[in-house]
Amino acid sequence: MNDPAEAVVLLVEDEPDVAETYRRWLDDRYDVHHAPDGQRALDRLDSLDGAVDVVLLDRMMPGLSGEEVLAAIRDRGYECRVAMVTAVDPDFDILEMGFDEYIQKPPTRETLVETIEDLLDRSDYTAQLREYYALLAKRSALASEKSPDALASNREYARLERDIEEVAAELEEDQTDLLDDATFVGTIRDIAGERGETSE
């Protein structure tokens, strides 16, 4: 996505005041659409023929929950990136969700814009690299809420750490075939640096 002004953002939020605030923050940068509940979010995705780049998705809504909407988005094969924007503190159940980022309310304008820009960039990444960043988002969300002891004693979190290591190793192997891609190489170097910091 070279021109952010062309990016289509679907805002799924049932609180009118919150939705209006987000729209004011984003309208000057993106083509913003609003859906006040989960079913209308899916209807809007269908009416736009899937031409949505980023979905900002509330987790707790009447009718279809954000989790159900997220599952439907993935099941229908839409290629949009999804950020959960929610007041729900992250728990280990998020490990089974297919979001790309997890933002806790209330976000700042800067947080929303930075998240959207990051997700637009990821749209140009390989599926494997997008998976890596989604796994990191889950780890970051849980690390911000759970104690080190709680993380260390949870089997699902241990599996998440293994998945991160496996995907990172695969990405580093792929680097040899993509040495002419400066963005990819830079990302892999960041991954390698992060793995080193994590192991210390």
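**Figure 1. Buried residues of helix 2 in the predicted model.** Helix 2 spans residues 38-47, and within this helix Gly38, Ala41, Leu42 and Leu45 are buried. Viewed down the helix axis, the buried residues of helix 2 fall within an arc of 95°, so they line one face of the helix. An α-helix has 3.6 residues a turn, so residues three or four places apart point the same way. The packing partners of the buried residues of helix 2 are strand 1 (8-12), strand 2 (31-35) and helix 3 (66-75).

**Figure 2. A tyrosine cluster.** Four aromatic pairs are found in a search of the whole structure. In one of them, tyrosine 132 and tyrosine 133 have ring centres 5.9 Å apart and planes at 75°; the angle is over 60 degrees, so this pair is edge-to-face. Tyrosine 132 counts as buried because its relative accessibility is 1%, whereas tyrosine 133, at 21%, counts as partly exposed. Tyr125, Tyr132 and Tyr133 are joined through ring pairs into a cluster.

**Figure 3. The largest nonpolar core and the ring of phenylalanine 99.** This core holds 39 residues, of which Leu10, Val55, Leu57, Ile73 and Phe99 touch the most other members. Two or more residues of the core come from each of strand 1, helix 2, strand 3 (54-57), helix 3, strand 4 (81-86), helix 5 (127-143) and helix 7 (155-174). Helix 5 makes the greatest contribution to this core, giving seven residues. Lysine 138 lies over the face of phenylalanine 99, at 5.8 Å from the ring centre.

**Figure 4. The surroundings of aspartate 58.** Aspartate 58 is located in the loop between strand 3 and helix 3. With a relative accessibility of 4%, below the 20% limit, aspartate 58 counts as buried. The side chain of aspartate 58 forms a polar contact of 3.3 Å with the side chain of lysine 105. When neighbours within four places in sequence are left aside, the residues in contact with aspartate 58 are Val12, Glu13, Asp14, Gly66, Val85, Thr86 and Lys105.

Note on methods. Residues numbered from 1 in each chain as written. Predicted model: local features only at pLDDT ≥ 70, side-chain atom pairs only at ≥ 80, totals over all residues. Heavy atoms only, no water. Buried < 20%, exposed > 50% of the residue type's maximum accessible area, 1.4 Å probe, protein only. Helix = DSSP H or I, 4+ residues; strand = E, 2+ residues; numbered from the N terminus. Arc of directions from axis to C-beta. Contact = heavy atoms within 4.5 Å. Phe/Tyr/Trp six-rings, centres within 6.5 Å; stacked < 30°, edge-to-face > 60°. Lys NZ or Arg CZ within 6 Å of the ring centre and 35° of its normal. Core = buried A, V, L, I, M, F, W, Y, C linked by side-chain atoms within 4.5 Å. Polar contact = N/O pair within 3.5 Å; in protein donor to acceptor, adjacent residues only side chain to side chain.
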